[in-house]
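Here is a short report for a first look at this structure. Please keep the sequence and the model side by side while reading.

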Amino acid sequence: MTTAARPGWNAGVPPSKNMQESPTPLSVLGPQAEAERQKIRQSFELGTSARETLNALCELADHDVRQIFDDVLRVQNREAAGLCLIALGGYGRRMLFPYSDLDILFLFGSDKTEQEFRPLISEFSRTLWDLGFRVSSAGRTLEECKRIEEDNAEFHLALLDRRLLAGDSTLFEKLDEKVLPGSEKQARPFLLAQLHKLTRDRLTRYGNTIFHLEPNVKESPGGMRDYQATIWLRQLAEEKKGIGNITAAEEEMCSSATDFLSATRCFLHYNNGRNDNTLTYELQEAAAERALGIGDGVARTPSDWMRQYFRHARTLNRQLLRYLEQKAPVPLTLRQRLMNAARTSKIEAGDGKYFQVRDGLLEVVDLSALSDRAITYSLFAECARTGTPLSREAERSIGYVLIHPELPPKNTEMPWETLREILGSDYPGLALRPMQRLGLLMEVLPEFGLIDSLVVRDFYHRYTVDEHTLRTIEHLQELADSPDERGAHFVQLWKTAERRDLLILALLLHDVGKGMPVENHVTGSLAALDSAAKRLKLSPEEKTEIQALIEHHLDMSATVQRRDIFDPATVAGFAESVTNQERLQRLCLLTYADIHAVNPEALTPWKAEMLWQLFVATSNYFSRTLDRDRLHAHDEVSLLGRIKAFAGAGSTQEVERFLEGFPRRYLAVHSPEEIAAHFGLFRKLSEEPAQTQVAATRHGFALTVLTPDRPALFSTISGVLAGWGMNINKADAFANSAGIILDTFYFADLHRTLELNPGEITRFRKSLEDVLNGKGALETLLKGRVSATRGRSPKVAVETRINFDDSSSAHCTLLEIVTQDRPGLLHEMGSSLARLGCNIEVALIDTEGHKAIDVFYLTAQGKKLTAQKQELLREVLQGTLS
Amino acid sequence: MMKLEAVIQPSRFESVKDALREIGVEGMTVTEVRGHGRQKGHTEVYRGREYTVDLLPKIKLEMVLPENLVNRVVDTILKSAKTGKIGDGKIFLSRVDEAIRIRNEERGENAL
């Protein structure tokens, strides 16, 4: 701080005749102010509360501002008439932090007085600066204050906290009582809209989360700005005396949160020696050591102290968000209104009795129902299913019920079926977020509590472990909308992933080990899975899948970064550890989300591309090596036991005979219950040579056919399906060593024949069995149906690609076909293959929109297809498919 | 002083970094880059879509070294980045006139 003489004041300017006494020189005032500041700091360090400290700093500033203002007036021989000094913003509210700016407005009675006082103002500001105060000033005439400056909303908002400091009090009264009440009332919609925008922009800048590892205690969500914005929202909503229907407990929590954060911000200013509000790791340690803001003097670990910080930050942030939601000043856009209407119609399909959609948010209609936890859980399931967020008010109501013992809860245990529904929905993050805020996620999954607000110091991670985890899930759900360049490849993987619930549960648990005293966090996370699986009663297959995902959750990222992913040996080794296509898809999504949630920059387009390349190479490896890895049933002791137990009949030898020689992929795409059902059909083959089964699935029906191999079997079955007007979406065909074929077709019932007439299922099966057993003619069935569907032009044109591969399989030629999907397509392709004497050993049939993607493993007379046969087949298929 | 730029296989980056650390070189700038030299890209087909990878992912290392360390660093990178296959990358060397440490304005090799 400089104590230089002030030109025109205590050097060279004769004292005015009106002066009663000489102004105190800077050489005296400066050290006095500094000594006073040191005293306040020492007092804070000895335990004086932040509230008192801020007040003392404010008193000191007020005193010096008034004294210097009086001195300058006297030196320049002026009266203050027509000029007053007004404290704004935090200073106006008497919350002046050690190194914060003094926000001061110079209010002039007219343009003329502004001109006259200009030299005085500049002298005054310079002197304050020399005394160590950072002044951020603005000057306005009374007339100017009547107008709203549309490009300077911050100024008008700061003016809400006005306080007279010095000068012409009549002028201040005019502003405070006559000018501003009118202009503020008129400008309220504008100010509210601006405040919303400024606040939303700030929250977005900080990733809309309080859970930063090194938060900024002023600007981050949950910081002091949240508190300030809430106050302004209340003021603009004309609720200066208190938030409508705010409870005393909520007021108390807000007050204690403000005290804690104020103490933290004071501490940061003093330690940094400037207005730096970043709570760095080093300062977290120092704050924890002195139990800052807690007041009992008992040192905490940095993690424990940060948990306190996040608890208070959450209180301030929650209050702000509730106000932002309640007082939305901007009318909804047409798109938003349409979205809301769509959500409303979705919700009405569910249980409209207890909740409804208003302004695109789920609201609770019947508060008394919330003591039944099953109803509360169904509310979260609706959020996850429809993509409709829970309103803050609904969240508050649930929170109220949760903490009041006079409302004893019923059905507190969330069954795995309900959790599974939430996790497997399109928007799981929309349910899990409020569940976490309300503590319900930790009730359902206590293991998650180990990472609640947990700071793990790491050069790359930006968020606490729980925040990172929830972000992984949100990044996946964002794939359903319009992701950026990095996510484009992964959209289809997310949309087509089966059993997403297992993937999401794996994500919830993948880093839980970081909250355990273990050397490798994966070990801890697997232990957490053990306890969660037991409590949730997961099936062994479900647990195995989640276990594999957690165990390998770093493998894909490590392979991408440390191995040559263009080397076939790397791909083969990686594929071996992943074991099957479905797990690869989940692991790829998990890795994408895990890297993405480290920090906003972690997933570079470069890394996303590498990840995608590894996925594609491994996926192709799986589909080209399907027949290499076949089951040797004798070695699968545990599987044999489980199948036998599910089937409830048959000997182990029989099960072995059935399973022997199926490709291992058969186990990946069918559950043990399904395999047991297949075994049941196998046992009935002696009674009837073609066994069929039809079951309803989530997206349509599944047809299973078990029969000894015969020519054109695959094309015949697909022909019957086409004849009945069924659209095949997916299919697989496997054969065991004994030549028993197991074909599964997943199809959509386009005309709802089976759905609306359950009796037709029996007729459909009979018709299929008749055709397979030579008692019925396929041609008759197909005639009417195919001609009815011919001639419709496709909405999206797909170019046909036919590719043969002789190198991937030891015994078969691979035929990969991508073409325009249409009814009866599979039957036509299968017939062409059968006509040319090709036997389908394995088939994988899939569709993606209007595109059919099929892989056939073919032999002709037990051998690979010759080059001539491949050419002939290509010609025939091109003719069929064009 | 010499500036060294090395474009290497991403899979060799950890080994190169460890080897450099062993000879006392810790400071470097690392960039994820894409490109190709004689190693052309390739085409991969997934579900009927063709993905042409004509620009291959590489890692670029940049460091400025005192003259007496240059040969050692080059040898170390050669040993640790080489797989013998096409696409192992390249090392470029160029002269640097001056280096200045922003914190204390030290200049020359002292600033490295």
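Start with Ala506(A). Setting aside neighbours within four places in sequence, Ala506(A) is in contact with Ile546(A), Leu549(A), Ile550(A) and Leu590(A). This is a predicted model.

**Nonpolar cores**

Ala506(A) also belongs to the largest nonpolar core, which has 229 residues. Together with Ile86(A) and Leu611(A), Ala506(A) touches the most other members of that core. Which element gives this core its largest share? Helix 2 of chain A (residues 50-75) does, with 11 residues. A second, separate core has 12 residues. Among them are Ala6(B), Ile59(B), Met63(B) and Leu65(B). In soluble globular proteins, nonpolar side chains tend to be buried together.

**Two crossing helices in chain A**

Helix 15 of chain A (residues 416-424) meets helix 20 of chain A (residues 500-509). Their axes come within 8 Å and cross at roughly 90 degrees. The two helices are therefore roughly perpendicular to each other. Helix 15 of chain A contributes Arg420(A), Leu423(A) and Gly424(A) to the contact. Helix 20 of chain A contributes Arg500(A), Asp501(A), Ile504(A) and Leu505(A). By type, the residues of this contact are three nonpolar, one polar and three charged.

**A closer look at Thr199(A)**

Thr199(A) sits in helix 7 of chain A (residues 169-205). Is Thr199(A) buried or exposed? Thr199(A) has 22 other C-beta atoms within 10 Å, so Thr199(A) is buried. Not counting residues up to four places away in sequence, Thr199(A) touches Ala229(A) and Leu324(A). Leu324(A) is 125 residues from Thr199(A) in sequence. In space the two are 8.8 Å apart, C-alpha to C-alpha.

**Chain B**

Chain B has 112 residues, and buried residues make up 17% of them. Its secondary structure comes to two helices and six strands. Along the sequence, the pattern is β-α-β-β-β-β-α-β. Take the contacts in chain B with a separation of 6 or more: residues 24 or more positions apart account for 71% of them.

Four strands of chain B form an open sheet. Their order is 2-5-1-6, with antiparallel pairing. Strand 2 and strand 6 of chain B are the edge strands, and each pairs on one side only. Neighbouring strands of the sheet are turned by 20 degrees against each other on average, direction ignored.

Strand 2 and strand 5 of chain B pair in the antiparallel sense over seven bridges. Val33(B) stands opposite Lys58(B), which is in strand 5 of chain B. Helix 2 of chain B (residues 67-81) lies across strand 1, strand 5 and strand 6 of chain B. This helix runs at about 5 degrees to strand 1 of chain B.

The strands of this sheet have these ranges:

| Strand of chain B | Residues |
|---|---|
| Strand 2 | 29-35 |
| Strand 5 | 56-65 |
| Strand 1 | 2-8 |
| Strand 6 | 89-95 |

**Where the chains meet**

How many residues does each chain bring to the contact? Chain A brings 18 residues and chain B brings 13 residues. On the side of chain A that touches chain B, helix 23 (555-562), helix 26 (605-624) and strand 14 (851-859) each supply at least two residues. Helix 26 of chain A gives the most to that side, with eight residues. By type, this side of chain A divides into six nonpolar, five polar and seven charged residues.

Methods
Residues are numbered from 1 along each chain as its sequence is written. Chains are lettered from A and ligands numbered from 1 in the order in which they are written. This is a predicted model: local features need pLDDT of at least 70, side-chain atom pairs count only at pLDDT 80 or more; totals for chains, interfaces and linings use all residues. Axes are lines fitted to C-alpha atoms, for helices over the stretch in contact, and angles run from 0 to 180 degrees between N-to-C directions. Angles under 35 degrees count as roughly parallel, over 145 as roughly antiparallel, 65 to 115 as roughly perpendicular and the rest as oblique. Two residues are in contact if their C-beta atoms, placed from the backbone, lie within 7 Å. Ala, Val, Leu, Ile, Met, Phe, Trp, Tyr, Cys and Pro count as nonpolar, Asp, Glu, Lys and Arg as charged, and the others, Gly among them, as polar. A nonpolar core is a set of buried Ala, Val, Leu, Ile, Met, Phe, Trp, Tyr and Cys residues joined through C-beta atoms within 7 Å. A residue is buried if 20 or more other C-beta atoms lie within 10 Å of its own, exposed if 12 or fewer, and partly exposed in between; C-beta atoms are placed from the backbone. Two strands pair if DSSP finds at least two bridges between them.
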